[in-house]
Amino acid sequence: RKEVEQDPGPFNVPEGATVAFNCTYSNSASQSFFWYRQDCRKEPKLLMSVYSSGNEDGRFTAQLNRASQYISLLIRDSKLSDSATYLCVVILNTGNQFYFGTGTSLTVIP
Amino acid sequence: EAGVTQFPSHSVIEKGQTVTLRCDPISGHDNLYWYRRVMGKEIKFLLHFVKESKQDESGMPNNRFLAERTGGTYSTLKVQPAELEDSGVYFCASSQGQTGTISSGANVLTFGAGSRLTVL
């Protein structure tokens with residue numbers, strides 16, 4: 001079983017729409033959680049960390065549900081520039097190995 | 001501040017040849033990671049250096065792959081001999097440290113632009 005699972009999509013949404021991605025992780029000992037964004041043929045870049053209490057950064061909201069072992073990313077008022085692949089990343093509490101999901105592809109349509 | 005730099009950006013070689021990829025992490029980052037993404041798959045961990053020591057090399061596919069980080073600065077990843085299935089994008093990433101809370105940023109990975117390897 002994969003450490004991190006994501007729906008690969010693609011998600012095609014109109015500008016202004018709200019879209020949500022979920023990511024599940026298999027190891028309950030997972031400690032830290034992140035969302036990374038990867039543009040086509042570019043490197044992944046940190047979008048936001050995910051805190052236990054949930055956190056918001058502008059149009060982006062991240063949530064963590066430890067009981068169900070999933071994290072979510074909500075994007076409000078989608079912009080064309082939000083089109084990218086969104087990667088869910090999890091760190092276990094042993095060592096410092098980061099586990100990546102396959103990524104969810106988002107295309108925002110004019 | 002300079003980011004993580006990788007060289008070459010793209011390498012095309014024939015099966016059986018050797019390729020060496022280089023990564024220069026952010027100055028002061030003790031942790032250096034190599035990852036690989038093959039077509040259609042998730043990014044997968046290869047190995048992790050703390051300074052010059054290999055902390056975890058459990059992701060290295062086989063003994064055709066050799067990573068070094070002499071002096072704890074830049075790192076090289078050599079593939080010898082290369083096989084077709086080695087094609088993919090090799091990312092290097094660095095982070096400040098293993099400890100620290102999320103808010104301290106110690107666990108944030110900064111990636112290089114990647115080295116795309118094509119084995120024909």
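The model under study is predicted.

**Entry 1: second largest pocket.** I looked up the second largest pocket and found a volume of about 210 Å³. Its lining has 13 residues, and A:Tyr99, B:Glu42, B:Ile43, B:Lys44 and B:Phe45 lie nearest the centre. I noted that β10 of chain A and β5 (44-50) of chain B each supply at least two lining residues; β10(A) gives the largest share, three residues. By class, I recorded seven nonpolar, two polar and four charged residues in this lining.

**Entry 2: salt bridge.** I then followed B:Glu42, which also forms a salt bridge with A:Lys2, the closest N and O atoms being 3.7 Å apart. The count of salt bridges between chain A and chain B is one. I also recorded three residue pairs in polar contact between these chains, both residues at pLDDT 80 or more.

**Entry 3: interface.** In total, 21 residues of chain A are in contact with 23 of chain B. The buried area is about 1,800 Å², with 58% from carbon and sulfur atoms.

**Entry 4: largest pocket.** I finally examined the largest pocket, which holds about 690 Å³ of space. Of its 26 lining residues, A:Arg41, B:Arg37, B:Met39, B:Val89 and B:Arg116 are the closest to the centre. The lining comprises nine nonpolar, eleven polar and six charged residues.

Note on methods:
Residues numbered from 1 in each chain as written. Chains lettered and ligands numbered in written order. Predicted model: local features only at pLDDT ≥ 70, side-chain atom pairs only at ≥ 80, totals over all residues. Heavy atoms only, no water. Contact = heavy atoms within 4.5 Å. Buried area = accessible area lost by both parts, 1.4 Å probe. Salt bridge = Lys/Arg side-chain N within 4 Å of Asp/Glu carboxyl O. Polar contact = N/O pair within 3.5 Å; in protein donor to acceptor, adjacent residues only side chain to side chain. 1 Å grid on protein atoms, 1.4 Å probe; cavity = no way out; pocket = protein on both sides within 12 Å on 5 of 7 lines; lining within 4 Å. Points joined across faces, edges and corners; volume = space filled by probe spheres on them. Nonpolar A, V, L, I, M, F, W, Y, C, P; charged D, E, K, R; others polar. Helix = DSSP H or I, 4+ residues; strand = E, 2+ residues; numbered from the N terminus.
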